[in-house]
Amino acid sequence: MKGFKKILCVADQEKGSDTALQRAVKLAENNKASLTVVDVMPRSGRVLQDVLATMVDEREKRLARLIQPHRDGLDIETKLLKGIAFLEVIREVLRSRHDLVIKCHNSPGWVDRLLSSEDISLLRECPCPVWLIKPDEASSAAKRILAAVDVDDDYPSSELATRHALNVRVMELAVSLALSEAAELQVVHAWQVAEESSLRDSNLLKTPEGQVDDFVEHIRERHARLLDTFLKGFDANPALHLTVHTPKGAASKEIPELAERLRIDCIVMGTVARTGIRGFIMGNTAESVLEQVDCSVLAIKPPGFETPVALEN
């Protein structure tokens, strides 16, 4: 299963950056990965040079202090970047080919709003997975992980291959994370019957209730078979504890409710299903889920995603 080899941790001035660093260190140790810890300093064109030098020195010393306890036995380095935070983080990913960004979100209140504009921009445009950590989350391992997949085959043929590849990425990383953290892995696929309300409520169609029930049950069984087929092979490791959920309803409603009910520590999910589009808009379902959940999120792009961010000359 897929693991991480080059992790980038954003240890900025926000509350909770220490939590993100602790999680990044543990993940790097478990995966035998390298770890780069960065802070991003805004450009200050009118600041006096001696003042700017002092600011740079203070931030570099802070980064050095943060990683000092973790130097033994870990391939770790620090970098101070300058510019707009999400842009410089993405450029560092491009330069050094990191395969994971881990950071605390920048929102002032997790329950009021999960994502700041910086977080949304990072999720939309970063080419590698982004793990947003809840600021007050304990630095210990995640115990309950939820992988959200969409195995419905009722999409245009041009999208099916990309959606399947994204589902595979979600499961590979969720399995890797669950094994690394010795966590329970829950898998959810939400489904719904678009015609159900019309069939039940229409005075014109007058479909018998029993027929509607049979139709809905037929759809439920189809989705259960699709998910069962997709998951074959992912549960082969005896150390993995995997539980499957197939709730009926909109994913934007069912996934957050399930995450709350199961007290999930981290959701692993895809954020877009189309590729080759620079500057895409994150899918409505993904963004709706991310706005509702009260846990950490590992967000993944499909193969072939192209970031609109370019390296500076």
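In which helix is the place of L123? The legend to view 1 gives the reply. The model is predicted: local features need pLDDT of at least 70, side-chain atom pairs count only at pLDDT 80 or more, and totals for chains, interfaces and linings use all residues. Residues are numbered from 1 along each chain as its sequence is written, and side-chain values use heavy atoms, with hydrogens and water left out.

**View 1. L123 in helix α4.** L123 sits in helix α4, residues 117–125. Helices here are DSSP runs of H or I with at least four residues, strands are runs of E with at least two, and both are numbered from the N terminus. L123 is buried, at a relative accessible area of 1%. Buried means under 20% relative accessible area, exposed means over 50%, and partly exposed lies in between (1.4 Å probe, protein chains only). F86 is 37 residues away from L123 in sequence. In space, the two C-alpha atoms are 9.3 Å apart.

**View 2. The ten-stranded sheet.** The sheet is open and has 10 strands. Their order is β3-β2-β1-β4-β5-β10-β9-β6-β7-β8, and the pairing is mixed. Two strands pair if DSSP finds at least two bridges between them. The edges are β3 (76–82) and β8 (241–245). Each edge strand has a single partner, so one side of each is left without a neighbour in the sheet. On average, neighbouring strands are turned by 20 degrees against each other, direction ignored. Axes are lines fitted to C-alpha atoms, for helices over the stretch in contact, and angles run from 0 to 180 degrees between N-to-C directions.

**View 3. The β2 and β3 pair.** Strand β2 covers residues 34–41. β2 and β3 pair in the parallel sense, over seven bridges. L35 has I76 of β3 as its bridge partner.

View 4. Contact means heavy atoms within 4.5 Å.

View 5. Helix α8 (residues 251–262) has 12 residues. From first C-alpha to last, α8 reaches 16 Å, close to the 16 Å expected at 1.5 Å a residue. The expected span is 1.5 Å times one less than the number of residues. Buried in α8 are E254, I255, P256, L258 and A259. Just after α8, R263 takes a positive phi of about 55 degrees.

**View 6. Helices α1 and α5.** Helix α1 spans residues 17–31. α1 and α5 pack at about 95 degrees, with axes 10 Å apart. The two helices are therefore roughly perpendicular; that label covers 65 to 115 degrees, while under 35 counts as roughly parallel, over 145 as roughly antiparallel, and the rest as oblique. From α1, the contact uses R23, K26, L27, N30 and N31. From α5, it uses S176, L177, S180 and E181.

**View 7. Salt bridges.** The whole structure holds 16 salt bridges. A salt bridge is a side-chain nitrogen of Lys or Arg within 4 Å of a carboxyl oxygen of Asp or Glu. R163 pairs with D150, with the closest N and O atoms 3.8 Å apart. R163 lies in helix α5 (residues 157–181), and D150 lies in the loop between β6 (144–148) and α5, 13 residues apart. D150 is partly exposed at 24%. D153 and R222 also form a salt bridge, at 2.6 Å from N to O. This pair links the loop between β6 and α5, which holds D153, to helix α7 (residues 209–231), which holds R222, across 69 residues. Both ends are partly exposed: D153 at 40%, R222 at 23%. D228 and K232 meet at 3.5 Å, N to O. D228 is partly exposed at 46%, whereas K232 is exposed at 58%. Salt bridges with shared partners join D39, R59 and R62 into one network.

View 8. Most residues other than glycine have a negative phi. K32 is not a glycine, yet has a positive phi of about 50 degrees. K32 lies in the loop between α1 and β2 and is exposed, at 75% relative accessibility. R97 has a positive phi near 55 degrees. Its loop runs between α3 (85–96) and β4 (100–104). R97 is exposed, with a relative accessible area of 69%.
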